[in-house]
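Could you go through the points below with the model open beside you? They are set out one topic at a time.

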Amino acid sequence: MHKPGVFDFDNKAKQDARKETAMDLKSSLSSSETSSQGKGGADKKAQESKDILVTSEDGITTITFNRPSKKNAISFQMYKDIMLALKNASTDNSVITVFTGVGDYYSSGNDLRNFINDAGEIQDKVTMCAVLLREFVNTFIDFPKPLVAVVNGPAVGIAVTLLGLFDAVYASDRATFHTPFIHLGQNPEACSSYTFPKMMGSAKAAEMLLFGKKLTAREAWAQGLVTEVFPESTFETEVWTRLKTYAKLSPNGMRVFKELIRNHERQKLYTVNAEECAVGQERLKSEEWKDALRNFLSRKAKL
Ligand SMILES: CCC/C=C/C(=O)SCCNC(=O)CCNC(=O)[C@H](O)C(C)(C)COP(=O)([O-])OP(=O)([O-])OC[C@H]1O[C@@H](n2cnc3c(N)ncnc32)[C@H](O)[C@@H]1OP(=O)([O-])[O-]
């Protein structure tokens, strides 16, 4: 019998898992939806979940990582909440959608405890994780309005790689950008294996993605990952003043221009996302990854 290779996306196991996860996501999204007010919900709290806050004001829907005690690490539930928030933001009255974080971090990336059960054992969530991740990243690829990151502090892993799918990234000079996949036995995701070399050139992208070099905000700006860096003392005031001005620009114009830009490479991004998730699925079975996870949990390893 044909053994599916890493890039064979159509094998039955993946399809079954995709069905399961799709059902799981559907029920999770619809149960949150009953309490959300997505459509037309400008100028009020649009949706509430414990770790992801969503507000809509002055033409801007803001999705905020709100888990400061864990440096805004992203749990599986948060991935689902973010997808729901983006789905609602795509049809609400707002013009621009913004991501930011509460506390000293923007986000420390994927919650490494996503893979641990209550007894502290590593769980096999490999296929489920790949399916969730693929759907999550596709939601960013397809988001129709201008998407802006207000990076208030350090960003790690998927919180960094996703930025390649944003339209603008404003950073405090306190922010750092770190993709330590080599130390984690994982691989670049969120289309960064394509967007980063395109953005910064292959030599600079390799330092980040292959060698896990942490960039300061100014280095990230010099390499095209960040639009502009602001001093921490004036960051919030300057950025929000600017965003409120941008939110008065033509919403239809911005949608059409964004679609024009995205359509040049939408199919390419879907393919890259699928490939990265398939490779990631293999990486999450590796001993390297399990060792990295054990080291983090036993507090032997920190970035
Ligand atoms: C599959 C999808 C693909 C995604 C890939 C990625 O994103 S790859 C990137 C994956 N990301 C990483 O590899 C980052 C791993 N994290 C770190 O290396 C460090 O925590 C730090 C450098 C972010 C902050 O160091 P610091 O000394 O300033 O603070 P602190 O360490 O005391 O943290 C406070 C609390 O937050 C907790 N917590 C924080 N982050 C995470 C997390 N991601 N997960 C879980 N928990 C996390 C931490 O355990 C602690 O909890 P406790 O003990 O109070 O219950």
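1. Basis of the note. This is a predicted model, in which local features need pLDDT of at least 70 and side-chain atom pairs count only at pLDDT 80 or more, while totals for chains, interfaces and linings use all residues. Residues are numbered from 1 along each chain as its sequence is written, and side-chain values use heavy atoms, with hydrogens and water left out.

2. The chain as a whole. The chain holds 12 helices and 10 strands, where helices (H or I, at least four residues) and strands (E, at least two) are DSSP runs numbered from the N terminus. Of its 303 residues, 51% are buried, and buried here means under 20% relative accessible area, with exposed over 50% and partly exposed in between (1.4 Å probe, protein chains only). Among contacts between residues at least 6 apart in sequence, 72% join residues at least 24 apart, a contact being heavy atoms within 4.5 Å.

3. The ligand. The ligand is surrounded by 23 residues, of which the closest are Lys 70, Ser 108, Asn 110, Leu 112 and Arg 299; a residue is counted if one of its heavy atoms lies within 4 Å. A polar side-chain atom of Lys 70 lies 2.4 Å from an oxygen atom of the ligand, and polar backbone atoms take part as well, with that of Ser 108 lying 2.9 Å from a ligand nitrogen atom and that of Ile 158 lying 2.9 Å from a ligand oxygen atom. Taken alone the ligand exposes 1,000 Å², and the protein buries 82% of that, with accessible areas taken from the Shrake-Rupley method with a 1.4 Å probe.

4. Helix 9. The 12 residues of helix 9 (residues 235-246) should span 16 Å at 1.5 Å a residue, and the end C-alpha atoms are 17 Å apart, which agrees; the expected span is 1.5 Å times one less than the number of residues. Phe 235, Val 239, Trp 240 and Leu 243 are buried in helix 9. These four cover an arc of only 95° around the axis, which puts them on the same side of helix 9, the arc being that of the directions from the helix axis to the C-beta atoms. The buried residues of helix 9 pack against strands 3 (60-65), 4 (96-101), 5 (147-151), 7 (168-172) and 10 (228-230).

5. Lys 145. A polar atom of the Lys 145 side chain lies 2.7 Å from the backbone oxygen of Ser 94. Lys 258, 113 residues away in sequence, has its C-alpha 7.1 Å from that of Lys 145.

6. Thr 161. This residue lies in helix 4 (residues 158-161) and is buried, with a relative accessible area of 0%. A polar atom of the Thr 161 side chain is 3.4 Å from the backbone oxygen of Ile 158.

7. Positive phi angles. Lys 71 has a positive phi of about 55° although it is not a glycine, and Asn 72 has one of about 60°, again without being a glycine. Lys 71 lies in the loop between strand 3 and helix 2 (76-89), where Asn 72 is also found. Lys 71 counts as partly exposed at 33% relative accessibility, whereas Asn 72 is buried at 0%.

Terms used
Polar contact = N/O pair within 3.5 Å; in protein donor to acceptor, adjacent residues only side chain to side chain.
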